Amino acid sequence: MIQAKFRVDEAQAHFLQNFKSYGFKDKSSMLRAAIEHFKQEIQQESLRKSADLYSELYTQDDELKELTETALSGWPE
């Protein structure tokens, strides 16, 4: 694993000191889990924005709606 040096404020340092009470074996594993959680949240938000954009485009494009309906004909419901 790569090592990195971080600076945290006093409240964050105190929070990290309680890693065992949150079920982590050390501060590093707690920090890695927090980074991974934040990364997943950012990815989910990006997917939501993309879906919203596609939805907006779809509702404004009558040709796309017609194309979709044509493609769906014959598919089981």
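This report describes the fold, surface, largest pocket and selected residues of one protein.

The structure is a predicted model, in which local features need pLDDT of at least 70, side-chain atom pairs count only at pLDDT 80 or more, and totals for chains, interfaces and linings use all residues. Residues are numbered from 1 along each chain as its sequence is written, and side-chain values use heavy atoms, with hydrogens and water left out.

**Overall form**

The protein contains three helices and zero strands, where helices (H or I, at least four residues) and strands (E, at least two) are DSSP runs numbered from the N terminus. Read from the N terminus, the order of the elements is α-α-α. The radius of gyration is 23 Å, well over the 11 Å that the globule rule gives for 77 residues, so the protein is more spread out than a compact globule. This radius is taken over C-alpha atoms, and the globule rule is 2.2 Å times the number of residues to the power 0.38. Along the principal axes, the C-alpha atoms fill a box of roughly 60 × 25 × 25 Å.

**Surface and charge**

Of the 77 residues, 5% count as buried; buried means under 20% relative accessible area, exposed over 50%, and partly exposed in between (1.4 Å probe, protein chains only). The protein exposes about 7500 Å², and carbon and sulfur atoms supply 56% of this area. Accessible areas come from the Shrake-Rupley method with a 1.4 Å probe, and for residues only the protein chains shown count as cover.

There are 10 positive and 14 negative side chains, and the centres of the two sets lie 22 Å apart. Lys and Arg count as positive and Asp and Glu as negative, while His and the chain ends are not counted. The place of a charge is NZ of Lys, CZ of Arg, CG of Asp or CD of Glu.

**The largest pocket**

A pocket is an open set of points on a 1 Å grid over the protein atoms alone, where a 1.4 Å probe fits, with protein on both sides within 12 Å along at least five of seven lines; lining residues have an atom within 4 Å of a point. The largest pocket has a volume of about 380 Å³, a volume being the space filled by probe spheres set on the points, which are joined across faces, edges and corners. Its lining includes M1, F6, L16, S28 and I35. Helix α2 gives the most to this lining, with five residues.

| Residue | Helix | Relative accessibility |
|---|---|---|
| A51 | α2 (residues 27-60) | 45% |
| S28 | α2 | 41% |
| L72 | α3 (residues 62-72) | 46% |

From C-alpha to C-alpha, S28 and Q3 are 9.7 Å apart in space and 25 residues apart in sequence.
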